[in-house]
Amino acid sequence: HGCTWRIERGAGTPRDATLTMALNREDRDVEFIVRHLKSIALFSPLPEPSIRALIDYIKLEKFAERTAIIKQNEPGTHLFVLIKGEVSVVKQDAQGHENVLARLRKGDVFGEMSLITGEPCSASIRTLTPISALTIAKDDFARLLEGHPSLNIYFNKLLAQRLRKTMAHVEEEIAKGVLGKLSMISLPELTQTISTNGRSGVLRLYRGSETGEIYFANGAVVDASMGDEAGEEV
């Protein structure tokens, strides 16, 4: 009808969009997805059969800027692998004050601790920019671990590593003689860290006008005081 047309090569498809298309196609895209997952630090140590087992459970989701993806003290619903954008890790103390603990970027993982332990999320995750993330839902994650023992072992090792890293950081801070809020780490966890590492000293606690002290000798609690009271009852 007298019309003409021309096809031009575009600038290319964004990587996350390519992955979205691949996740919605058939077996011909499996190799691309496997290569992509192998490039992510969380999945790179896994053998290829385990990575292939993940594919049916993974979705790619996008979130707008300033979105609360995970909320503190609420049960975890997904594991997230950040592939584009940035998020902040925010923890609220008992007085309602918020502390930014970290900023996460491409390749970082969050939400897995709650899925593994069954405990509520210890901090909130908020987007600083629009983000894209690979996600695995809680029920799918449980089925994945049940059906693939190697993945179960891997994620439990990951949990142990995270806990060791956290405790090592706390130990470093204790060695410096620091101040801190128990909303950031619970009193039992703090006491256990002091005990495990055989520390000696005094842990002083403050709440309003109240004060208390716990005395350690080589990691063992040997005495405690609060106001005019002292000893085992305290």
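This is a guided tour of one protein chain, with a list of what to select and what is found there.

**The whole chain**

Start with everything shown as a cartoon. The model is predicted, and the protein has 234 residues, of which 32% are buried. Its secondary structure comes to seven helices and twelve strands. Of the contacts with a separation of 6 or more, 59% are between residues 24 or more positions apart.

Now colour by pLDDT, the predictor's confidence in each residue. The protein averages 80, and 82% of the residues score at least 70. Select helix 1 (residues 15-23), which has the lowest mean pLDDT among the elements, 57. Then select strand 7 (residues 124-127), which has the highest, 94. Where pLDDT is low, the predicted coordinates should not be read in detail.

**The largest nonpolar core**

Select L37, L42, L79 and F155. These four touch the most other members of the largest nonpolar core, which has 27 residues. Which elements each supply at least two residues of this core? They are helix 2 (30-38), helix 3 (48-54), strand 3 (78-84), strand 8 (131-137), helix 5 (138-147) and helix 6 (149-176).

Keep L42 selected and show what surrounds it. Leaving aside neighbours within four places in sequence, L42 is in contact with L79, V81, V109, Y154, F155 and L158. Another core lies apart from the largest one; it has 14 residues, among them I70, V87, I125 and I131.

**Helix 2**

Select helix 2 and show its side chains. Which of its residues are buried? The answer is V30, I33, V34, H36 and L37. These residues are on the same side of helix 2, because they cover an arc of only 165° around the axis. An α-helix has 3.6 residues a turn, so residues three or four places apart point the same way.

**An aromatic cluster**

Next, select F63, F80 and F110, which form one aromatic cluster. The count of aromatic pairs in the protein comes to two. In one of them, the rings of F80 and F110 have their centres 5.0 Å apart and their planes at 10°, so this pair is stacked. Planes under 30 degrees apart count as stacked. The pair links distant parts of the chain: F80 belongs to strand 3 and F110 to strand 6 (residues 109-110), 30 residues apart.

**Two loop residues with positive phi**

Go to the loop between strand 1 (59-63) and strand 2 (68-70), and select R66. R66 is not a glycine, yet has a positive phi of about 60°. Its relative accessibility is 75%, so R66 counts as exposed.

Move on to the loop between strand 2 and strand 3, where N73 is placed. N73 is another residue other than glycine with a positive phi, near 75°. At 58% relative accessibility, N73 counts as exposed.

**Helix 7 and what follows**

Select helix 7 (residues 187-196). L190, T193 and I194 are buried in this helix. Why are they on the same side of helix 7? They cover an arc of only 95° around the axis, which puts them there. Just after helix 7, select G198, which takes a positive phi of about 60°.

Go back into helix 7 and select S195. With a relative accessibility of 38%, S195 counts as partly exposed. The side chain of S195 reaches the backbone oxygen of G219 at 3.2 Å. The C-alpha atoms of S195 and A220 are separated by 5.9 Å, although these residues are 25 residues apart along the chain.

**Strand 11**

The last stop is strand 11 (residues 220-226), where S225 has its place. Is S225 buried or exposed? Its relative accessibility is 19%, so S225 counts as buried; the cut-off for buried is under 20%. Show the residues around S225. Not counting residues up to four places away in sequence, S225 touches T211, G212, E213, Y215, A230 and V234.

Notes
Residues numbered from 1 in each chain as written. Heavy atoms only, no water. Core = buried A, V, L, I, M, F, W, Y, C linked by side-chain atoms within 4.5 Å. Buried < 20%, exposed > 50% of the residue type's maximum accessible area, 1.4 Å probe, protein only. Helix = DSSP H or I, 4+ residues; strand = E, 2+ residues; numbered from the N terminus. Contact = heavy atoms within 4.5 Å. Arc of directions from axis to C-beta. Phe/Tyr/Trp six-rings, centres within 6.5 Å; stacked < 30°, edge-to-face > 60°. pLDDT = per-residue confidence, 0-100. Polar contact = N/O pair within 3.5 Å; in protein donor to acceptor, adjacent residues only side chain to side chain.
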